[in-house]
Amino acid sequence: MTPKVALPDTIPVFPLPGALLLPRARLPLHIFEPRYLAMLEDCLKTPSRLIGMVQPSARPGAKDDDKLHKIGCAGRVTQFSETEDGRYMITLTGISRFRVRGEMTTFSPYRRCEVRWDGFEADRGPEEHDPLFNRKSFLGLLERYFTLKGLDTDWESLGDTDDELMINSLAMILDFAPEDKQALLEAPSLSTRRETLVTLIEFALGGGKDEEILQ
């Protein structure tokens, strides 16, 4: 179950294309830019220690590339270590998705947003299960994808992993386009996330371009 954390009305946000955090999952991050070092230092002074991971909604370099997607996921800083040259290695543990209400005008070097948490109550409950999950079929499809991409894994350990951990971990680490990552984030349930993941893998095996799948 997700740890009980007070959910504030405003949080710092880290816009990072292609980076996906999901509830109850862990995301390692390397923090080195001065504005995000400042964000982390301020975050660690708060009781909740929350940072919102949210993706830009426009392609890099576009005229409106500072716009953000409306849904992100907040993570609590649960591990951090400082390097000798002042960088940080941190781990965010996913607490809950949120909906961006608006961006705040502040004097801080990083961005802050007003957010709403309603509609994502299940994120803060027990881990989800996928009753229709055909594990054998899924692992066969995944093995074909890994072969195509030249990847390898411990298949025995993966096969023993709980539904949520397996599906969410793959959604986070596999190399899909940012818009596809956003679709995985916004999936309303573990079952729909698994269905989206299968579609993306099948599309990759078919040789298509990721951006076409959501049109």
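Me: At what angle do helix α5 and helix α6 pack, and how far apart are their axes?
Reply: In this predicted model, helix α5, which covers residues 178–186, packs against helix α6, residues 190–205, at an angle of about 155°, and their axes are 8 Å apart. Angles over 145 degrees count as roughly antiparallel, and α5 and α6 are therefore roughly antiparallel to each other.

Me: Ok, and which residues meet there?
Reply: From α5 the residues are Asp180, Ala183, Leu184 and Leu185, and they meet Arg193, Thr196, Leu197 and Leu200 of α6. Sorted by class, this contact of α5 with α6 has 5 nonpolar, 1 polar and 2 charged residues.

Me: Switching to the cores, which residues have the most contacts inside the largest nonpolar core?
Reply: Those are Leu142, Leu174 and Leu197, in a core that has 47 residues. Another core lies apart from it, with 13 residues, among them Leu50, Val54, Ile95 and Phe98.

Me: What is leucine 174 in contact with, leaving aside its neighbours within four places in sequence?
Reply: With those neighbours set aside, leucine 174 is in contact with Leu142, Tyr145, Phe146, Lys181, Leu197 and Ile201.

Me: New topic: where does arginine 24 lie, and does it count as buried or exposed?
Reply: Arginine 24 lies in the loop between β1 (10–15) and β2 (26–31). Its relative accessibility is 17%, and because buried means under 20%, arginine 24 counts as buried.

Me: How far apart are arginine 24 and glutamate 128?
Reply: Arginine 24 and glutamate 128 are 104 residues apart in sequence, while in space they are 10.0 Å apart, taken from C-alpha to C-alpha.

Technical notes:
Residues numbered from 1 in each chain as written. Predicted model: local features only at pLDDT ≥ 70, side-chain atom pairs only at ≥ 80, totals over all residues. Heavy atoms only, no water. Axes fitted to C-alpha atoms, helices over the stretch in contact; angles between N-to-C directions. Helix = DSSP H or I, 4+ residues; strand = E, 2+ residues; numbered from the N terminus. Parallel < 35°, antiparallel > 145°, perpendicular 65-115°, else oblique. Contact = heavy atoms within 4.5 Å. Nonpolar A, V, L, I, M, F, W, Y, C, P; charged D, E, K, R; others polar. Core = buried A, V, L, I, M, F, W, Y, C linked by side-chain atoms within 4.5 Å. Buried < 20%, exposed > 50% of the residue type's maximum accessible area, 1.4 Å probe, protein only.
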